[in-house]
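Biologist: I would like to go through a two-chain model feature by feature. Please give the general idea each time, and then the case at hand.

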Amino acid sequence: MNRPRYLGPAMLAVAALSLGGAAIAAQPAPVAKSISGGGITLTSSTLNLPEEKSAFPEGAAGELITNNCTACHSAEMILNQPLLGADKWKAEIDKMRGTYHAQIAPADDAALVAALTGLQTPRP
Amino acid sequence: MADGPTLIERRRALSLIAAGGAGLVTSPLWAQSLVDLHLPGGPSERPMTTGFPGKGPMILQRSRAPLLEMPMTAMDGYVFTPNDRFFVRWHYSDIPLEVDVQSFRLKILGAVKRPLALSLAELLKMPRFEIAAINQCSGNSRGLFEPRVPGAQWGNGAIGNAKWTGVRLKDVLDRAGVAANAVQVRFSGLDTPPPDAPLFAKSLDLAHAMDGEVMIAFQMNGAQLPMLNGFPIRLVVPGWYSTYWVKALDRIELLDAPDTGYWMEKAYRIPATPRASVAPDAKGYPTVPINKMGPRSFITSIADGARVVANAPLKLRGLAMGGVSGVARVDLSSDGGKTWLAAATGPDQGKYGFRAWEAALPALPPGDHKLAVRCTSDTGEAQTFDPIWNPGGFMRNSIDTIMVGAA
């Protein structure tokens, strides 16, 4: 994930906690900053996103998908797709690489398509 | 749901899925943690999550970048969607995690006489504007397309209605002074793309941007925007799909030529055909950027697959929208559309917002019944059963049906 544009004290504290694992990190008290006008007050905000819980099945195919696809999005995006077939999965790989510059080596395409189609158990 | 399995068959199938083949009985815990969106061919189940700050129970479509869907029953009884149930959709994973209201600036630049960097304090001092408007994802209900198409696999809940408070975009642009050569206005926010990927930016024609209804909102339903819905400010484009409603808006650029960026030229395009529909094998048709919404209507008081009391009138309620005009009428059917009964509509709270409706259907005999709801807009546009299809899975507004089992 890229460095967030607004890296404030609260986030740095979180980073320190998760990196150092120190139980007693000196966390600066949050500063509740707000501005008001015309009867409306807006207060500075932060967002702590929850931990991702979804993952691909263990094994080589799952690892290949994880390594090539989850830099930009979590696993549900793939797990929730309808049956797409090899051609459409290949088109998705081309789109992710062509438009979003996903770091997918073309040499991996065939194996990745096989892993993605293999992930989708045909439903009657 | 067209000619699918009977309710009992479907319940059995669900029980099997839930039990994971282990022969266990469906547990109350499971019932609380999974929701079935009834997407044809599946996968149809999604976990419910309460893990996102400022949000109540939401359907988890994707954790990064967040895609959170509102359960339709959460809309029951609400014309205005509670902020903590309002759907969430971000394109890129690098979304704003912290916003300082003192240092935030909205930049207005490009073909203007006076480039500006407006603080929130300055925006709060400007003349106020308020409007009720539905925010609906271009791909809302994509998961119901047949044949299915790739993308976010939404059910019907990538939609919400709010009362938006803020300032008219026109007033902000007038303050900067639109140059004579400006033709479009491009909007982008604090979310950032992966390296070398295109910035998420959307554009409106200048006349649309200046129509006095397009606005910059700093409140929804009387409270500041949740971070996940675009704090501190977002664009509101009444009647248009939410791809234009740029969140965490921090940059407005006046363009002297039409926007040729990826998100206008390649993405969010619809066929230039009636109802944006084409045959699944069609090729080479012209496309245009997605734009106005059409009429829709939803039953919110009961869910698909509900059991109801037979031989007694069935009270139903829900919500309807006209799109770019108000709701003229809402009709209900309990026989899959052969006969229709007019619903009573609640007060009109703005033509771009939801309108509540309620109806009492005549007593249903025991058995399965297909209920349908149909909205007709003030411009005379009525929903139809014909499903549309396009490769992006955009603009779905055909009549929604649900199955109920009367016993």
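This is a predicted model: local features need pLDDT of at least 70, side-chain atom pairs count only at pLDDT 80 or more; totals for chains, interfaces and linings use all residues.

Biologist: Let us begin with secondary structure. How many helices and strands are there in chain A?

Modeller: Chain A has 5 helices and 3 strands. Along the sequence they come in the pattern α-β-β-β-α-α-α-α. Chain B has 6 helices and 27 strands.

Biologist: What percentage of each chain counts as buried?

Modeller: Burial is a count of neighbours, and a residue is buried if 20 or more other C-beta atoms lie within 10 Å of its own. In chain B, 47% of the 407 residues count as buried. In chain A, buried residues make up 19% of 124.

Biologist: And what do the contacts say about separation along the sequence?

Modeller: Take the contacts between residues at least 6 apart in sequence, and ask what share joins residues at least 24 apart. In chain B that share is 67%; in chain A it is 45%.

Biologist: Now the interface. How many residues does each chain bring to the contact?

Modeller: The size of an interface is often given as the accessible area lost when the parts come together. Here we have residue counts: 40 residues from chain A and 43 residues from chain B. On the side of chain A, the elements that each supply at least two residues are α1 (9-20), β1 (34-37), β2 (40-43), β3 (45-46), α3 (76-79) and α4. By class, that side has 16 nonpolar, 17 polar and 7 charged residues.

Biologist: Let us turn to helix packing. At what angle do α4 and α5 of chain A pack?

Modeller: A pair of helices is described by the angle and distance between their axes, and by the hand of the crossing. Helix α4 (residues 85-98) and helix α5 (residues 109-119) of chain A pack at about 125°, with axes 9 Å apart. That angle makes α4(A) oblique to α5(A). Their crossing is right-handed. The residues that meet are A:G85, A:A86, A:W89, A:K90 and A:I93 in α4(A), and A:D109, A:L112, A:V113, A:L116 and A:T117 in α5(A). They divide into 6 nonpolar, 2 polar and 2 charged.

Biologist: How does α2 of chain A pack with α5(A)?

Modeller: Helix α2 (residues 60-69) of chain A packs with α5(A) at an angle of about 115°, and the axes are 9 Å apart. The two are therefore roughly perpendicular, and the crossing is left-handed. From α2(A) the contact takes A:A61, A:L64, A:I65 and A:N68; from α5(A) it takes A:A111, A:L112, A:A115, A:L116, A:G118 and A:L119. This contact has 8 nonpolar, 2 polar and no charged residues. A:L112 and A:L116 are listed in the contact with α2(A) and also in the contact with α4(A).

Biologist: Now a single residue. Is B:V185 buried or exposed?

Modeller: B:V185 is found in strand β11 (residues 184-189) of chain B. With 26 C-beta neighbours inside 10 Å, B:V185 counts as buried. Leaving out residues up to four places away in sequence, B:V185 touches B:S203, B:L204, B:L206, B:A209, B:I252 and B:L254.

Biologist: Which peptide bonds are worth a look in the backbone of chain B?

Modeller: Omega is the angle to read here. The bond from B:R64 to B:A65 is cis, with omega near -20°, and B:A65 lies in the loop between β3 (58-62) and β4 (67-69). The bond from B:E146 to B:P147 is also cis, with omega near -5°. B:P147 is in the loop between β9 (129-136) and β10 (159-168).

Biologist: Where does B:A276 lie, and what is its phi?

Modeller: B:A276 is in the loop between β17 (269-271) and β18 (287-289) of chain B. Its phi is positive, about 55°, although B:A276 is not a glycine. With 22 C-beta neighbours inside 10 Å, B:A276 counts as buried. B:N311, also not a glycine, has a positive phi near 60°, but with 10 such neighbours B:N311 counts as exposed.

Terms used. Residues are numbered from 1 along each chain as its sequence is written. Chains are lettered from A and ligands numbered from 1 in the order in which they are written. Axes are lines fitted to C-alpha atoms, for helices over the stretch in contact, and angles run from 0 to 180 degrees between N-to-C directions. Helices (H or I, at least four residues) and strands (E, at least two) are DSSP runs, numbered from the N terminus. Angles under 35 degrees count as roughly parallel, over 145 as roughly antiparallel, 65 to 115 as roughly perpendicular and the rest as oblique. A crossing is left-handed if the near helix is turned anticlockwise from the far one by less than a right angle, and right-handed if clockwise. Two residues are in contact if their C-beta atoms, placed from the backbone, lie within 7 Å. Ala, Val, Leu, Ile, Met, Phe, Trp, Tyr, Cys and Pro count as nonpolar, Asp, Glu, Lys and Arg as charged, and the others, Gly among them, as polar. A residue is buried if 20 or more other C-beta atoms lie within 10 Å of its own, exposed if 12 or fewer, and partly exposed in between; C-beta atoms are placed from the backbone.
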